[in-house]
Amino acid sequence: MTITTPQRTQAEPLLEIRNLSVDYGYDDDAVRALSNVNLTLHRGEILGLAGESGCGKSTLAYAATRLLPPPGVITGGEVLFTSSRSRESGDLLRMSDKQLRAQRWRDTAIVFQGSMNALNPVYKVGKQLIDGIAAHEKMSRSAMRERAAELLTMVGISADRLDSYPHQLSGGMRQRVMIAMALALEPELVIMDEPTTALDVVMQRQIVEQIIELKDKLGFSVIFITHDVSLLIELADRIAIMYAGEIVEDAGSREVYHEPRHPYTAGLLHSFPPLRGPKRELGGIPGSPPDLLSLPSGCRFRTRCPYAVDACAQLVPELGGTVFGDEEPHRSVACHLHDDAVDTPAVPAELAVRPEGRTLLGVDPR
Amino acid sequence: MKYFLRRLGFYLFTAWAAITLNFFIPRMLPGDPVQSLINKFQGRLNTDAVESLYVLFGLDENRTVWQDYLAYLNNLFHGDLGISFTYFPTPVTQILTQSLPWTIALVGLSTIIGFVLGTLAGVGLGWRRGTWADNLLPIANFFSAIPYFWLGIIAIALFAVAWPAFPAAGGYDPGTLPGWNMEFIGGAIYHGILPALTIIISSISGWILGMRNMMVTVSSEDYVTVAQAKGLPERKVMFGYAARNAVLPSISGFALSLGFIVGGTLVAEMVFSYPGIGYMLFQAIGSKDYPLMQGAFLVVTISVLVASMLADFVYAFLDPRTRVEG
């Protein structure tokens, strides 16, 4: 597996999340878990969502598909889904329940942590594969069973496992069953919520390779949620880094790895050893994610940020272009260091690495 | 299959143990049945009568406990549970077969109705958690806190005395003869309504609360979210995924309460003077009628065993994880 290069093609958007906000709780007790999140997934892309636990990555995925369990409340925004099959396109947040149900699984499928509790323990695997198909397709029982067997074979499980109960399968097999289930109707978008987190590294590798293989074969797009940035750098085309309910950086995965622009991204990269190349000092990020009930003023990361200045406490950074502006039109970052309008010192060398390896060391590009 | 046979063996052993205990416990009590009977007739028995009673109860011969035990098992096998003191000389078996149908019809039906209604309500309330439906919970809590005897007495005071819509006592119209005719059955249903309602009201809250809480727990499981994400119809997710798994603990509770139908209805039958087995047991205790008590206890034990065996099998059928493989 090679590090994938960022896609610079004029791909059409499949899913556009605009200004999505989510609260947990009601009225005065509400905690804002997502604040005006903007994210676009292009057709055929693997988009990685990364961040520490509790940063809102899963909330984003569940809110975008309206699967957020109570007390989660979507307080604003839109989620535009553009289907090439043009069956149920439009704003997922404003669809009628009937439209939404028709859209679900056919266009947008989700892979949960199958090794945990995503399969109903009291039903056979086959039944659970079939009822997803049955909700959308008019097929004979035997045809659906055949399809289910085909799906299992596709993910490398023998078809006679249709009659197994989830507890009779290993964690890796359950995860494969989940993937097979998600692909039952050949959806255009598959959201994967930490699909490899509970598995050992060998199994993790197999599952990831399987996902890539199936994606190349079936041509779906993926939103891959994980806290494992190193995994994303290998797997994803593009990575969105989330921090305390906001997206702080959105860039190609190679760029995120070699040329981080946000201090938080840089901190995440220092939290694991480099995949190849020279050794890097492991640092981690001091402190812990902020309490969403008492967020710091201005930039949410400033209390842990080594480059924080006075302006960071006063102004909320917006997701916008980097300091290199038009040279990097496809990537965005939410940091005052990259904002011309805010008076900050020059971008530190660590956050100003250029693709050619040229560093604008100490040079203010403005 | 092996699992079922093993369970069956376990229950047969338990039944044997219960029967054996049932044999020994009365023999550890001071006195003997004849003494009790003499007490009941307050000494107005002559020596010949006492002598013949000893013969009748088989206490005239010097037999070992072991011989007694074998005879007891043999009698039990032939449906002979001895002779009641209270209803002397009616055999206990006859009294039990007369009173059992009343209990099973009244308490059995109201337990089933209470379970079905309560569980359905719990499914609905749990599924719509966080909405207006939550306001119904304190009401359910209130009813589950009411002691049954108080509810029964209030029901009689209101609906049989203050506003005499229902009879206060008895199981059927005293003017009719027990039999399969409309008049008698109509009267029996009429007499059964008030006790049945009180049993349903006092038991339904427990089912509602238990099921509602399990629904809330299960609804947050990933597999329910997966079912939603699959675009399954709402009813299918609610019943097929959430309620299907949430009902499992209730099932075993229900089976046990079926077992306690026979034994646990003492209060209900006392309050309503209902001619069921609970009322019989109450009278047997009052008059130290050991054979009747022994018979009633045996029926209670066996029914609890049968019910928990059923619960085991139903549970194994509903939850594949409990089936022990091998």
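Buried denotes under 20% relative accessible area, exposed over 50%, and partly exposed the range in between (1.4 Å probe, protein chains only). The model on display is predicted, with local features requiring pLDDT of at least 70 and side-chain atom pairs counted only at pLDDT 80 or more, while totals for chains, interfaces and linings use all residues. Residues are numbered from 1 along each chain as its sequence is written, chains are lettered from A and ligands numbered from 1 in the order in which they are written, and side-chain values use heavy atoms, without hydrogens or water.

Select A:R43 to begin; at 21% relative accessibility, A:R43 is partly exposed. Now include A:E188: a network of salt bridges links A:E12, A:R43 and A:E188.

Next, select A:D23 and A:R32, whose side chains form a salt bridge with an N to O distance of 3.0 Å. A:D23 is buried at 13% relative accessible area, whereas A:R32 is partly exposed at 35%.

Finally, move to A:E259 and A:R331, a salt bridge with its closest N and O atoms 3.9 Å apart. A:E259 is buried, with a relative accessible area of 8%, and A:R331 is buried as well, at 2%.

For context, a search of the whole structure finds 21 salt bridges over all chains.

Note on methods: Salt bridge = Lys/Arg side-chain N within 4 Å of Asp/Glu carboxyl O.
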